[in-house]
Amino acid sequence: MRENTFTLQQGSSPLAVIWVWRGLMLAAAILLLTLYGTVLDGYEITIVVLAAVGLAFLGQNWRGFRWHALITAVLSLWAVKRYGSDLKLADTDFLLNYLLSSQSAIMWMSALFLMAMLAYFTGLFMRSEFSDKVGTGLTWTAVTMGMIGLMVRWRESYLISPDVGHIPVSNLYEVFILFAVITALLYLFYERRYQTRALGGFVLLVISMAVIFQLWYTFGRGANEIQPLVPALQSYWMKIHVPANFVGYGAFSLAAMIGVAYLLKTWQTSSNPQGVLATRLPLLPVMDDLMYKAIALGFAFFTLATILGALWAAEAWGGYWSWDPKETWALIVWLNYAAWLHMRMTKGWHGRPMAWWAIIGLFVTLFAFLGVNMFLSGLHSYGTL
Amino acid sequence: MSRPSFARRLFSFLSTMDLAITLLLTLAIASIIGTVLQQNQPYPDYLLKFGPFWFDVFESLGLYDVYSAAWFLLILVLLVVSTSVCVFRNAPTMVREIWQLRTQVQAKSLRAMQHHEQWTQSSDVETLTAQAQAYFTQQGFRNKVVARPEAGETLISAMKGGMNRMGYLLTHLAIIVICLGALLDSNVPMKLAKWQGNLQVETRDLSISKVPQESRLAVGNHAFRGSISIPEGKSASVAFIGLEDGYVMQELPFKIAVKDFRIAHYATGQPKSFESDLVITDPELESPLEQTISVNHPLSYRGYTIYQASFADGGSLLTLKPWALSQEIGPFDTAFNTKVFDKQATAWGSNAAQLEITNFRVFNINPDPTDDEPGNMRNFGPTINFKIRSKTGEAREYENYMLPVPRDGRDYFFSGVRENPNETFRYLYLPVDDNGSVAGWVAFVGALQDTELVDMIAAEMATITLSDVTTEKGILQKNLHNSLAALVELFLRGGFSEVGRFIEASLPEADREALGAAYLAMLREMLGRVYIHTLDQPAIQTITDLNDEQVFFLQDAVTAVGALPLYGAPVYLELTDYTHIQATGLQIAHMPGKPIVYLGCAMLIIGVFLLFYLPQRRFWLILKPEQNGCNLLFAGMSNRNPYEFDSFFDQTYQQLKQAVEGNFDPEKRSESMT
Ligand code: HEM
């Protein structure tokens, strides 16, 4: 008999729930299209339909995500309603000022992520399951506040002026929030799937770093101000290119942090087999598999994002590939992970070297994400520090 | 045993994974170079940066255009070859794997598999086989029943996700397809033509008609990406392609005329859109094609795509009024007309030889200095940029604002100056007089440079200052008179710093502090008196008679005069009128490889997702009759996601068990789904 050391949570929901959820997404899409069908163009209609399908898919077997989506939708709509057409209410309306204006929602998100990290680490080191669960709860709340922040910010940009309005994925500040939210969602997905909360603190560590950077960027540089889009960014492509990219970045970060946990565990297993890390972190092969999963997911979405970027470039810059520094670094990141995947799939490498490589991969990714904007010049007029 | 032939060994070397991984990483590292060193810059810039020795070394390595350097292309070609060989070797197996069910397996090997179960059932083999097969079919498995009379058993082989192997093929073929398509669109053919001597890179700045035949590319189906700047109201039917340290000129089969170029702004002043109204005339068209393009919205026509890439001045018409800042040239007040990009000889002063207008902008959106929020922008109105080139060839560049700019509650005309393009402008703030003009300040400069006038005022001031002195009055007065005139001259020559230097040099250290302050006070008094003279208001006799506004004006005027020696121009050029003519910068691309590349991209995306998210799963069931029923041996394997397969196998096993008993209900999707 094979040894059954570990089971995956296949986590399917009752059929009735699945169909109610699907029906809800269908109803939402239909409602949107009947209300606004006349002002939406073909592209936007496609996006609405795809978003509904995507949400229906993500939520059908994932209870946490269903609640997240519902609460985000309800609170965002509530905030939009509170605003009416007066942006100034952000400072005077109690609910907006303290909870739901994009700025406060994002501050909540930041605080909650930091608290979640503490809870996860406490859970890990004090061997407290309760604290672990608090970590999960805080992370879900943070993700929800972050998502609400983005949604409300989207609306706020239109309240400034209809011609300023745009989806909040257009500058460094906004994508940092996107990064935190997406990475946390990816983590939550695997946390449930692999039934382990022990990795939470490690993943929340990168997220917290992003959050701290974002706070500095807000208070040090006033980057939270909504700016109108420069002409180069006024494109439909941006709306899918950027999120796809951040699924990639998020997954690569996740893989790297699992790599860190992996190395810590191997290190402690040899020095102190009864230590917290050695006993409480998931089994090495499980982490190894998880690392592979995350890199595969990142690779798939990064491929998609780079290709979408090429399509966009072909429309905006006069060529699908210009060897612009950002593009080139995307290629470098991509080649690096392609090599990683081959090393693992076809040469069968496992364990520590691959964990180290995943960590190095994060630095390469980080350079493509931030370093290029900081140190190199090019066509990506995306944001500077 | 003979050694395999060289071709065989090469073939297997090319398909090794080690080579593939090495190439992937080498390509990644090589790509870094071009992101660190800015590519395709003018060669003189590189020369300046690296010096002649390294400039040559880097040039021979092709580092100024790494991505089309021979060695870089070689890595790419090797990667493509390696991938092709790899696909070629694996394709037959992969294709077979997509469809083929494995029916050769023996019970022994199934028992050796990590995932297997064995149990007994009381029904007969035929019923069980039929029910199991129905189950597999219903669950979407391809399957096949093989009777093995020799072993007295029946095998069902089932499989799902064979398309995973198609994913492998698509992913790797995509790499080849994309690279081939991109090769078609690259500038490699152009470089080859140059190398064969069929194409000459032009480095001179020539007008279109003067570009020699060897540097022209006729209309054809080759790929290119070029650009051209067309002023409003003008047209062109060529594009310039940057190549090495110069360009070649591509002819187009149609003519592009620019009717209008527009920039729209947001309320905050940032640019909102750049648009050009184009008219395409082509013998193949019945009537001209009119279309507006903007950033992100190009025009595609006959396989050519025309993009809004940039904009520039298109030779705006300007009226300039020169104000003399030097006695040498005397006053003049006749405005003259010129155009942006014009160069003209001047007669200003002994050394200024040529005026070159380099740019004109209608809007200058800068942070508002009167606002606390640094982010708030303001439009400061039109500017002109020009160079004044001396007879020896050196040029200073100037930037003059047309409208007064407020700073700390007062208005100034700004004039920036810099010696070379890498510096930022240093600004001269010229105070605006009561009439809103620079005339008041120019008059002050003129008066200070009028030695007779200064002399007269110095004498006057000396007399008044020494009116109470009785002894040796004549000599003292003479000395003071001379000193005052000399101070003004020093000030004109080098501002307060020159005066300071003079004080350092000529006064004994002990007296320096007291006397120095006295000197500066006297200089200020002198400057004030000269200013009062220019006012021509008899009621005002001394500095104390000046009103606040005049005192401020005097302060600013003095500061500006003190900075004049650094300004270095013999005139201040005031922009009095303009007609704005813009030029739109178009990029024109012809990319015949694009559909191929896009096909490759589609293959890549589909391939990658198939590879990662469609696991290939195989199951086998061997049914062997026993005394009182049938023994079933069930086994399965998957080529990825081992952990997911654990539970998938369990679930399939449970369902199959129910199914062969005839009580599996697919509607009761208990814990199905993955
Ligand atoms: C730019 C070049 C290449 C890219 C982007 C690429 C991409 C990929 C990807 C994404 C996978 C899936 C890995 C996984 O399942 O985790 C893969 C698998 C594989 N690649 Fe490549 N590859 C490239 C070049 C090559 C070359 C040159 C070879 C041959 C020497 C090769 C041989 C293989 C093999 C044998 C597999 C395993 C297929 C399987 O059994 O699932 N690849 N490749």
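1. In the ligand site, a polar side-chain atom of His172(B) lies 2.7 Å from a nitrogen atom of the ligand. Two further pairs involve oxygen atoms of the ligand: a polar side-chain atom of Tyr292(A) lies 2.7 Å from one, and a polar side-chain atom of Arg165(B) lies 2.9 Å from one. Such a pair of N or O atoms within 3.5 Å is a polar contact; within protein, one atom must be able to donate a hydrogen and the other to accept it, and residues adjacent in sequence count only if both atoms are side-chain atoms. Two or more residues of the shell around the ligand come from each of helix H12 (284-316) and helix H13 (325-345) of chain A, and from each of helix H2 (17-36), helix H4 (70-99), helix H7 (163-185) and helix H14 (594-613) of chain B. Helices (H or I, at least four residues) and strands (E, at least two) are DSSP runs, numbered from the N terminus.

2. The model is predicted: local features need pLDDT of at least 70, side-chain atom pairs count only at pLDDT 80 or more, and totals for chains, interfaces and linings use all residues. Residues are numbered from 1 along each chain as its sequence is written, chains are lettered from A and ligands numbered from 1 in the order in which they are written, and side-chain values use heavy atoms, with hydrogens and water left out.

3. The ligand lies between chains A and B. Of the 25 residues around the ligand, Tyr292(A), His342(A), Cys86(B), His172(B) and Arg640(B) come nearest; a residue is counted as near if one of its heavy atoms lies within 4 Å. By class, the shell holds 14 nonpolar, 9 polar and 2 charged residues. Here Ala, Val, Leu, Ile, Met, Phe, Trp, Tyr, Cys and Pro count as nonpolar, Asp, Glu, Lys and Arg as charged, and the others, Gly among them, as polar.

4. Between the chains, 70 residues of chain A are in contact with 65 residues of chain B, contact meaning heavy atoms within 4.5 Å. About 5500 Å² is buried between chain A and chain B, and carbon and sulfur atoms give 61% of this area. Buried area is the accessible area (1.4 Å probe) that two parts lose on being put together, summed over both.

5. The count between chain A and chain B is 3 salt bridges, each a side-chain nitrogen of Lys or Arg within 4 Å of a carboxyl oxygen of Asp or Glu. Glu644(B) and Arg193(A) meet through their side chains in a salt bridge (3.8 Å, N to O). There are also 19 residue pairs in polar contact between chain A and chain B (both at pLDDT 80 or more). On the side of chain A that touches chain B, H1, helix H8 (172-194), H12 and H13 of chain A each give two or more residues. H12(A) gives the most, with 19 residues. This side of chain A has 45 nonpolar, 18 polar and 7 charged residues.

6. Within chain A, the domain assignment gives domain 1 (13-61), domain 2 (65-229) and domain 3 (239-385), with bounds from an automatic or database assignment. The C-alpha centres of domain 1 and domain 2 of chain A lie 23 Å apart. Between these two domains of chain A, about 590 Å² is buried, of which carbon and sulfur atoms give 70%. The count between domain 1 and domain 2 of chain A is 0 salt bridges.
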